Amino acid sequence: LMDGIDSSINFTSNTPAIISNTVNLSYNQLIGRASALSNYFIQKGISQNMRVGILAGNSVEFIFSILALWNMGAVPVPVNIRLTDSEICNLLDFAEIKFLVSDKDVTLPDKNLISTADFINLNRAGYFNVDMNSSSPALIMFTSGSTGLPKAVVHSFDTLLSSVKISHSFFSFNSGEHWLASLPFYHIGGFQIFMRAFLTGSAVIIPEEIKNEFLLEAMFQHRPAYASLVSTQLKEFVDAGIKPVDSLKYVLLGGGFIPSELLQRAKVNGWRTVKVYGSTETASLITALENNEKINSAGRPLPSVEIKILNDNGEQLEKNKIGEITVKSPSLFIGYFNNDEEYKIKFKDNFYSTGDFGHLDEEGYLYVEARRTDLIISGGENISPFEVEDILLSYPGIAEAVVFQMEDNKWGHIPAAALVLTAKINADVLLTFLRERLADFKVPRRFFYLEELPKTSLGKIEKEKVKQICSTL
């Protein structure tokens, strides 16, 4: 095993495990609380192999719940707290979940609700043992996929542990470091923050809320070595001229498109960013790029990760040719819950088809061009919306940009852009600017000006909603 990564969680130490404005827990205390909670869950009727929903923000209760369920051999299923009651119900029904641990008041008929408020007085600590070297299901996480219905991705302890080892090989984590829980635990990027901390004997810092003011307060008060951000979060810091706290070694930057101009400005402001690429299915990052010369790349595959680019016939493409990105990694998920068909379709010779398009260069750096669903095909030409967005965002006065395809009688589809402005712009000057930098077929044919763009809880722009809004204008 890699140094510093223990495969069976067995912590009795007084090393800090969780730090927040209200609590400071050592591993010893945490494990005691988690084992007491296991006993409570058993009294409530939860048993081994049951799937149990967790509807909670980033909190100690969320972490207690995960560890308590693992301790008793049950499978946690985190749920996005921003969903409506009926959406939550649909997900729980789909995953055949009877029990929901929640820190919210929700009305869900025929679900057994366990309130996190009941955790306070538990003290009957018992036995605690979780074997991380196991192929049994450890987590079911719904994808925030860019297409249609969410899928329930199943990970084993092995795949989660492999992901931590893969990222350790790049970052060389030390025990006793502090990790900022800067993304929601119900997304894989947030969940793995807490896994990396736990498997290296480090502390998770839980800010009051995942809003920039609270992240900043937590950074300067509790001094993390690592934070994970999406580009909207980092952009706010950089726009405000905020410099990082000196304890911060790296910011892992993922969750979609990252403008190169933002990376350059972040670097000037002292932020050490590592751009990462991955998904729920890959258990978080599988490539990483330190802020270096290949600023538009997603980095190289990490050790034990293989990437192949395939054409539509499933044949491997040569360097610099765009095709579908396929991945082989020990961190790959073990199934979609109740959807074996979909799982089988996604694999060819142990390589998982990501649904993303891109190419590898001569040195093995990956470039992500677009999701299959985002790729714009206009008059037979493939257009990457990211490339056009990158250029638009470098134009003064444009704060946010999203590029998508619209139907068109002549071309089949045309590129269109929705913009959020911070200053008035001249449309003709903008067009000239774009034509100097982009092939003519890539220049958006229609522009829409919006007050704001709809976003997910991670700050990802919801492209489908943008399209709907623009189609009514």
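I looked up what helix α4 (residues 157-171) lies across, and found β13 (226-230), β14 (250-254), β15 (273-279) and β16 (284-290), with the helix running at about 10° to β16. Helix α5 (residues 188-199) lies across β2, β11 (178-180), β12, β13, β14, β15 and β16, and runs at about 85° to β16. Helices (H or I, at least four residues) and strands (E, at least two) are DSSP runs numbered from the N terminus; angles run from 0 to 180 degrees between N-to-C directions, on axes that are lines fitted to C-alpha atoms, for helices over the stretch in contact.

The model is predicted, and local features need pLDDT of at least 70, side-chain atom pairs count only at pLDDT 80 or more, while totals for chains, interfaces and linings use all residues. Residues are numbered from 1 along each chain as its sequence is written, and side-chain values use heavy atoms, with hydrogens and water left out.

I then traced the sheet itself, which is open, has nine strands in the order β3-β2-β12-β11-β13-β14-β15-β16-β17, and shows mixed pairing; two strands pair if DSSP finds at least two bridges between them. The edges are held by β3 (24-26) and β17 (300-301), each with a single partner strand, so one side of each has no neighbour in the sheet. Strand β2 (residues 16-19) runs parallel to strand β12 (residues 203-205) and is joined to it by two bridges, and Ile18 stands opposite Val204 in β12.

Entry 2, the four-stranded sheet. I read the order of this open sheet as β5-β4-β6-β7, with parallel pairing. Here β5 (75-78) and β7 (112-115) are the edge strands with a single partner each, so one side of each is left without a neighbour in the sheet. From one strand to the next the twist averages 30°. Four bridges pair strand β6 (residues 99-102) with β7 in the parallel sense, and Leu100 has Leu113 in β7 as its bridge partner. Helix α2 (residues 60-71) packs on the sheet, touching β4 (51-55), β5 and β6, and its direction makes about 175° with that of β4.

At what angle do the axes of α6 and α7 cross? For helix α6 (residues 212-222) and helix α7 (residues 231-239) I noted roughly 75°, with the axes coming within 11 Å. The two are therefore roughly perpendicular to each other, a label given to angles of 65 to 115 degrees. Asn212, Leu215, Leu216 and Met219 of α6 make the contact with Gln233, Glu236 and Phe237 of α7, where contact means heavy atoms within 4.5 Å.

On a 1 Å grid over the protein atoms alone, a cavity is a set of points where a 1.4 Å probe fits but cannot get out, a pocket is an open set with protein on both sides within 12 Å along at least five of seven lines, and lining residues have an atom within 4 Å of a point. The second largest pocket has a volume of about 250 Å³, and of its 18 lining residues the closest to the centre are Asn49, Gly73, Val75, Ser136 and Pro137. I also looked up the largest cavity, which holds about 30 Å³ of space and is lined by Thr373, Asp374, Val403, Phe404, Gln405, Lys463 and Lys467.

Technical notes. Angles under 35 degrees count as roughly parallel, over 145 as roughly antiparallel, 65 to 115 as roughly perpendicular and the rest as oblique. Grid points are joined across faces, edges and corners, and a volume is the space filled by probe spheres set on the points.
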